[in-house]
Amino acid sequence: MEPFITHKGKVAGMDRTNVDTDQIIPKQFLKSIERVGFGKYLFFDWRFTSEGTPELGFELNRPENAEATILVVNENFGCGSSREHAPWALQDYGFKVIIAPSFADIFYNNCLKNGLLPIVVDKEDVEYFLKEATSPNYECTVSLEKQTIADSNGFTREFTVNSYWKEMLLNGWDEIDKTLSYEQKIDEYERKMGGM
């Protein structure tokens, strides 16, 4: 994975609650275990009509949300089944950060394991971001090092992240990389145990 230190990007808003993983990536598209290629199916049933044309009313199809890399959503985002394809689809579409007042636990952890940063903020902050995101080219800067979100209007908020996951994201590590960071200690232990 790539290290996540600071990201500046356009913000898209989706004022929806209880968005489940079957809406994020519908089950008929779960035919691969590769992490790429799922972005075209993201929110498929909302993004497209039954004829396959873009649904003009859907948030991500609006011109001001083109090329957004930060998604702001409402409560309980990522509920439903535990499919890891959901963060894969969000990443493949181009999102680096998801901001919400709450996430489903398994989805939240799947995001972190795959290098997608989920940020929990107060409901009032989500409402602010959703309002600002209706403007073209609204951007925020997310610093994982400082644990802050800031925009050009002077709005800044701190967020919390587990120190274990912060270290993982800052270094671009997955759990195997983390284990390998202890390789010297593991070797020392094995030598010690072999010498007994």
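**Briefing: pocket, aromatic pairs and backbone**

Helix α3 gives the most to the lining of the largest pocket, with 3 residues. The model is a predicted one. Its secondary structure comes to 8 helices and 7 strands. The C-alpha trace spans about 70 × 45 × 25 Å along its principal axes. Of the 196 residues, 43% count as buried.

**Largest pocket**

- The largest pocket holds about 430 Å³ of space.
- Its lining counts 17 residues, and those closest to the pocket centre are Glu2, Gln91, Lys96, Asn114 and Gly115.
- Two elements, β1 (6-14) and α3 (85-93), each give two or more residues to this lining.
- Sorted by class, the lining has 8 nonpolar, 5 polar and 4 charged residues.

**Aromatic pairs**

- Two values describe a pair of aromatic rings: the distance of the centres and the angle of the planes.
- The count for this model comes to 17 aromatic pairs.
- One of these pairs joins Trp46 and Phe58. The ring centres lie 6.1 Å apart, with 45° between the planes, and the pair is classed as tilted.
- This pair links distant parts of the chain, 12 residues apart. Trp46 belongs to helix α2 (residues 44-47), whereas Phe58 lies in the loop between α2 and β2 (70-73).
- Phe58 has a relative accessible area of 2%, so it counts as buried.
- Tyr128 and Phe129 form an edge-to-face pair, because their planes stand at 65° and the cut-off for that class is over 60 degrees. Their ring centres are 5.8 Å apart.
- Phe129 is buried, at 0%.
- Phe29, Tyr41, Phe44 and Phe48 form one aromatic cluster.

**Charge over a ring**

- Trp46 also has a charged group over its ring. The charged end of Arg16 sits there, 4.2 Å from the ring centre.

**Positive phi**

- Most residues other than glycine have a negative phi. Which residues here have a positive value instead? Among them are Asn18 and Phe43.
- Asn18 has a phi near 55°. Its place is the loop between β1 and α1 (21-24).
- Asn18 counts as partly exposed, because its relative accessibility is 45% and exposed means over 50%.
- Phe43 has a phi of about 50°. This residue is in the loop between α1 and α2.
- Phe43 is buried, with a relative accessible area of 0%. Asn18, by contrast, is partly exposed.

**Helix α8**

- Helix α8 covers residues 183-194, which makes 12 residues.
- How many of the 12 residues of α8 are buried? The count is 0, and the helix is hardly covered.

Technical notes: Residues numbered from 1 in each chain as written. Predicted model: local features only at pLDDT ≥ 70, side-chain atom pairs only at ≥ 80, totals over all residues. Heavy atoms only, no water. 1 Å grid on protein atoms, 1.4 Å probe; cavity = no way out; pocket = protein on both sides within 12 Å on 5 of 7 lines; lining within 4 Å. Points joined across faces, edges and corners; volume = space filled by probe spheres on them. Helix = DSSP H or I, 4+ residues; strand = E, 2+ residues; numbered from the N terminus. Nonpolar A, V, L, I, M, F, W, Y, C, P; charged D, E, K, R; others polar. Phe/Tyr/Trp six-rings, centres within 6.5 Å; stacked < 30°, edge-to-face > 60°. Buried < 20%, exposed > 50% of the residue type's maximum accessible area, 1.4 Å probe, protein only. Lys NZ or Arg CZ within 6 Å of the ring centre and 35° of its normal. Expected span 1.5 Å × (residues − 1).
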